[in-house]
Amino acid sequence: MKDYLKTDEWRIIEEGFDPHLNKISESIFSLGNGRMGQRANFEEQYSGETLPGNYVAGVYYPDKTRVGWWKNGYPDYFAKVLNAANWIGIGVEIDGEELDLAKATVEDFRRVLNMQEGYLERTCTVLLSNGKRVKIKSKRFCSIVDDEVGVVQYSIKPVGFSGKATLTPFIDFDVKNQDANYDEKFWEEVSRSVQEQGAFVTARTRKTEFDVCTGMVFTLTQGGVEVKPHTHPIESEKYVAHIFTVNVLDGEETVLTKFAANISSENHERGVLQDVCRRAVQQARIKGFAAMLKEQAAAWAAKWAESDIIIEGDPAAQQAIRFNIFQLNQTYTGEDPRLNIGPKGFTGEKYGGSTYWDTEAYCLPFYLATADPQVARNLLLYRYKQLGKAIENGQKLGFTGGAALYPMVTMNGEECHNEWEITFEEIHRNGAIAFAIYDYVRYTGDESYLADYGVDVLVAISRFWAQRVNFSEEKGQYVMLGVTGPNEYENNVNNNWYTSTIALWTLEYTLHVLEKIQQENPGRYAALAMELKLDEQHDFAAWRDIMGNMFLPRDEKRGIMLQQEGYMDKEQILVQDLPAVDRPLNQKWSWDRILRSCFIKQADVLQGMFLLEERFDEDTIRRNFEFYEPRTVHESSLSPCVHAVLAARLGMQDKAYEMYLRTARLDLDDYNNDTEDGCHTTSMAGTWMAVVQGFGGMRVRNGELHFRPMLPAKWSGFSFRIRFRGAVLKVHVGREGVNIESDKPLTVHVNGQARQVG
C-alpha cells in the first residue's frame, strides 16, 4: 500500500518526484474523453522508468497467441489496444543540454489532476548538470467537447540566467506496446507531412488495417506576446517535428501551446483523414487554449451534476469516489455502440483494452443510474450485435443448435483470451450477460428490449447451458464439470455453485421472458419461434428438467453453499493468519500452492448472493459471508465492492466501510501493487455500487426504488443523484434521516415505508 498522494476532495495531488512511483502516477493521472486517452507521461524526454501510452478507442491488433503448445479451439490471437502516436511530445534543450527529469535534480515537483474541470497540471523546477535552473509548467486535457482533440500548454522560465532554448514539438508513431507477445511494432506508415507550424502522420495497423492520422499545430508566446519562430522541419519514418531555437530571458515565460488530434478510419473515410485532422487542429487553434479549457470545465460540470457523490466529513473517501467517477466518465460516454469498457480504460495496456464480463456485472448499474438510458442500452446492443460470433465461439468447442458462448475477452465478438482455464472454463460470463438484460429491463422498464433484442441472446445462452451440463447417474442429478468460477484461484473444478446457480437462473428467466412475449405479443412470439427454431417439447422441457434436478453443492453442517465440490477438503486457514510477506499471493506463491489453498481471489458464492439477493434470507447471506470473507484475499479489483454491498446489507458497518475504502482507494493507494500498469477502471463502477447500493441500500423491486441506508460512523452524511424511469432523484442520508427529492412524482420506499416524492 502506497501513501504518497495528498488528500483533496476535487484533486489528486503529488508533491515531490520519486522516480520509483512514476509509473503508478502515470496511471493515476491519466486523461481521456471516451474517444482517446493518454497516460500521464511527461511531454519532454524522460529516460527513466515509464510506460508510454496514448490510446485511440476501437483500434486494436490481434497479437498472435504466445504458447508452447496448441489445442483445438484455442484462440489464434490476443486482441490488444495499441499504443498509438505520441502527440504530447516536446523535446526541450536549455543551452545545449536536454531536459530530462531522470538526469537532472528535480525541485518543487507538483502534479495535480483537477477532476472538477478535467485537466492535468504539472509544475517543477529543474537544475540541469550545466548549472542552469528552469521552471517548467504544463497543463493538458483531452477535450470532451471536441473528442478527437487534445491540447498541451507547456512553458519554460529560466531562473537566474538568460540563454537559449531549443524546442521540438513532434508527432511520433514509431511506438510499441510493452505487452507485445513477440516485441513487434504494430503500425506501418501510410503518409507524413510537415507544414508551417504543423505536422501530420498517418499510420495503419498491421492485419486489422485501422488508419489513424495524428497531427498537430502549435503557437508560441514569450512574455505574453505571440511570436513566430523560424522553424526547421524534421521527417523520418513515422515521425514529424518542427525544431527551433529562441532566446529565453531570466524570469520570463516561453509558452508553447500544442493542439493535436487523433483521427481514425473507424469514424472517417480513409482518404480524408489528414484533411479532417488538419481542420480539427486548426479549429482548435482558432478557438484557443483558454476557450477550450473553459468549455472543458463546463462540460465536466454537466457530468458532475449527473453523477457526483458527496461524502461529508471524510475527505479521503470523498476524493476516492470522485476519482473513480472521473475515470469512468472519461473512459466511456456511450455515444458509440461499437465501443465498450476495457478493464484498464485508457490508463494502460494490461488486459488488452478488451471487453470482459466486468462491463455487465459491474459497470452497467453505474451507467443505468447516471446517464441517459441509451448509454446502458448501447452496452447491451454491443453484445447483441456480437451474438453471431458468440454462436461461432460455441461451435468451435462443439456446441450446436445456436448455442452461444460469449467470449471472456473480445474486441469484435471473437474469443481472444490466451489462458485455457479462463477462456474455456470461466463460462459464468454467459450468466452475467444474461443478467445484464434483466438488470436493464428491471431498472428502465424498457420491456420492448426483450422482444426486439434480448430474447435472442437469452435463448442462445440457455441453449449453451443446456448442453454444458450432463446427467450424473451417480448423483441422479445434472452436474457442471470442469469450470472456473469467479474465484480464479480455483481452476477446473466440478459444480462451482455460482456458475451452476447463474445458469439455472438464466434458464428460468429465459422461459419467463418467452412466456411473457407469448402472452402479450403472440405475433412476435410466432415470429421468434420460427426465427429461433424454438421447440417447446425439446428446448423448454429440457430446461425445466435441468432446473428441477441440478446439483448445487452445500455444507449442511455449516448451513452454507459450497464454492465447489471438495472445497472443504482444503486446509482451512484464514487470511488473518497469513504472514504479511506472503501477500499478494499471486506475486509471492507458486500457482500450484495457490490452487491447493482455500484462499479466494474474489467473491464467488457471494457474487451469486449479491446478484440474486432477493432469493436468500438474511441469515443465509450472513452465514455465507462470515464463512467466505475471512478466506478471501481480495486480490481481484472486482472483489471488495461486492463485499461492501453485502456487508452493508447485513448491518456490518465497519466491514462495509473497510471494503469501501479498499475498492475506492485501490489505485490511489496501490493496494495490490499493480497500479503501474493501469488503473482498475471497470472495478471503479463497483465503488459507485458500494456507496449507492451498499450505504444507500438502493434496490429496484416491482418497478419501484427501495432504500435501506446505512451511514458510516466517519461520515456526517452523504448524497447522490440518480436517474430512474425518466425522473432525476437526489438522495441525502444524514444523522437526521433520509431526504429524497425528485423532479417527477414517484413512489419510493425507505426502510420498508412508502413515500411519495416529487
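Student: Before we start, when do two strands count as a pair here?
Tutor: Two strands pair if DSSP finds at least two bridges between them. Keep in mind that this is a predicted model. In it, strand 14 (residues 163–172) and strand 20 (residues 239–248) pair in the antiparallel sense over 8 bridges.

Student: Which residue stands opposite Phe 170?
Tutor: Ala 241 in strand 20 stands opposite Phe 170.

Student: Ok, zooming out. How many helices and strands does the chain have?
Tutor: The chain has 20 helices and 33 strands. Its radius of gyration is 27 Å, close to the 27 Å that the globule rule gives for 758 residues, so the chain is as compact as a globular protein of that length.

Student: And how far does the C-alpha trace span?
Tutor: About 85 × 55 × 55 Å along its principal axes.

Student: What share of the residues is buried?
Tutor: Buried residues make up 62% of the 758 in the chain.

Student: Let's look at strand 21. Buried or exposed?
Tutor: Strand 21 (residues 254–264) has 11 of its 11 residues buried, so it is largely enclosed by the rest of the structure.

Student: Which way do its residues point?
Tutor: In a regular strand the side chains alternate between the two faces of the sheet. In strand 21, Thr 254, Leu 256, Lys 258, Ala 260, Asn 262 and Ser 264 point one way, while Val 255, Thr 257, Phe 259, Ala 261 and Ile 263 point the other way.

Student: Which strands pair with strand 21?
Tutor: Among them is strand 13 (residues 149–159), antiparallel over 8 bridges, with Val 151 opposite Phe 259. Strand 17 (residues 211–222) also pairs with strand 21 in the antiparallel sense, over 11 bridges, and there Thr 219 has Thr 257 as its bridge partner.

Student: New topic: where is Ala 280?
Tutor: Ala 280 is in helix 2 (residues 273–287). Its relative accessible area is 15%, and buried means under 20%, so Ala 280 counts as buried.

Student: What is Ala 280 in contact with, neighbours within four places aside?
Tutor: Val 149, Ala 261 and Ile 263.

Terms used
Residues are numbered from 1 along each chain as its sequence is written. This is a predicted model: local features need pLDDT of at least 70, side-chain atom pairs count only at pLDDT 80 or more; totals for chains, interfaces and linings use all residues. Side-chain values use heavy atoms; hydrogens and water are left out. Helices (H or I, at least four residues) and strands (E, at least two) are DSSP runs, numbered from the N terminus. The radius of gyration is taken over C-alpha atoms; the globule rule is 2.2 Å times the number of residues to the power 0.38. Buried means under 20% relative accessible area, exposed over 50%, partly exposed in between (1.4 Å probe, protein chains only). Contact means heavy atoms within 4.5 Å.
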